[in-house]
Amino acid sequence: MVLEITPTGKVPAFFGRTLYDAQQEAMFFNWTGSGFTLRFVGDRLQMDAIAYADAFPGEAENLPWLAVLLDGDEEPCRRIYLREGRQTCLLFESDTPEEHVLKVIKCSENSKGRIGIFNLSLNGELRSYTPPQRSSRIEFIGDSITCGFGNDMSASETEFTNKREDGLAAYSAVAAQLLNAEYQSVCISGIPLCWASDPDYRIELPEFPGFTLPVRAMETYYAYADRYHQEAMGIKDGFALWDFERFKPDAIVINLGTNDAFRISVSGNDPSEDKYFKERYKAFLHQLRKLNGPKPVLACTLGPMNYFVFNTIEKAVADYCAETGDTRVFCFKFGQIDPWGEGLGGFAHPNRITHKRMGKELAEVLKPWLLAVCNP
């Protein structure tokens, strides 16, 4: 018996930020580390999905790739590299019916290949599924570092492809595992916390004449379920808001500022831009509190690539705490990449070794804060 499962009910159980596209009748799970889980008895499970490619100058065509894990295993039993367009993907197959808890995780980032699921086709029967109890919940907000950009690349490689980017090996996944935490990530390569004070400011890359970096900032993307995807599909406004009741974090890790530092430097290191960044960072902390409430710890981190704005972040946090009396905020600087001992990933980004070390560093510093939040 073949069972058709649409993604609009409780099965499968999605995690991470998702967006249902009513026009396509598909559930999109584009963010790094997002996906779904279900429990079944059967011998074959397929997914009817659609994939969209994203392109950036100097990169190969980027399409999403997924990891399939069974029964709590940490190593994928199957990796799926999607092609562009609608397709059927085999998630599981066996000679005889078997019972499993199957988990599908998106390992590539939102801005480098997107995926929507129309339905699942199961040759077998569903079983009830209860997610494992975790000690805490963590949300990660960041840029390419949080995405795991190039963490499977060597320093000598000159062309990026997201096949060489593994969100399961990013510091966020490492820290969450060490802390026995459920987590979700909101991250886009190249994104700053804020845009320039002049809204008409544009960054052009000399090596790619005629190409201008798109105007994006986390402060204007965070409140939405998936503004990036909706813009890529041609939507100009009225973006779907994220339902913050669906995931209530005990800690929010903000690793933003590396791209702001780049923007400030190429604009001539204007002190007014650094001051503007400080004010926007403080406003972002207010936004996080408004949307997530007073409970979660706010970890304002930076690194391991560029620390130019770290002092500014500390000042923004100090001003915010003085104004609000908020005591659940702290700053943390990741240790810098060791180019000799750890090596470099793609385009001077951290590789798997550095991400593992970063995850350990973050887990250690977050642990006492989470104990205080989860056991008041």
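The model is predicted, so to speak of local features a pLDDT of at least 70 is needed, side-chain atom pairs count only at pLDDT 80 or more, and totals for chains, interfaces and linings use all residues. Residues are numbered from 1 along each chain as its sequence is written, and side-chain values use heavy atoms, with hydrogens and water left out.

Let us start with helix α2, residues 171-178. Helices (H or I, at least four residues) and strands (E, at least two) are DSSP runs, numbered from the N terminus. Because 6 of its 8 residues are buried, α2 is largely enclosed by the rest of the structure. Buried means under 20% relative accessible area, exposed over 50%, and partly exposed in between, with a 1.4 Å probe and protein chains only. The buried residues of α2 are Y171, S172, A173, V174, A175 and A176. Their cover includes β10 (136-142), α1 (144-147), β11 (181-187), β12 (251-255) and α7 (352-374). Just after α2, N180 takes a positive phi of about 55°.

E139 is buried, with a relative accessible area of 1%. Its contacts (heavy atoms within 4.5 Å), leaving aside neighbours within four places in sequence, include R17, Q184, F247 and I252. With Y222, the side chain of E139 makes a side-chain polar contact at 2.4 Å. A polar contact is a pair of N or O atoms within 3.5 Å; within protein, one must be able to donate a hydrogen and the other to accept it, and residues adjacent in sequence count only if both atoms are side-chain atoms.

Now for the open spaces. On a 1 Å grid over the protein atoms alone, a pocket is an open set of points where a 1.4 Å probe fits, with protein on both sides within 12 Å along at least five of seven lines; lining residues have an atom within 4 Å of a point. The largest pocket is lined by 49 residues, and K103, I105, R134, A181 and Y183 lie nearest its centre. Both α2 and β10 are among the elements that each supply at least two residues of this lining.

The second largest pocket is lined by 36 residues, with F56, G190, L205, L213 and N259 nearest its centre. Helix α4 (258-266) gives the most to this lining, with 4 residues.
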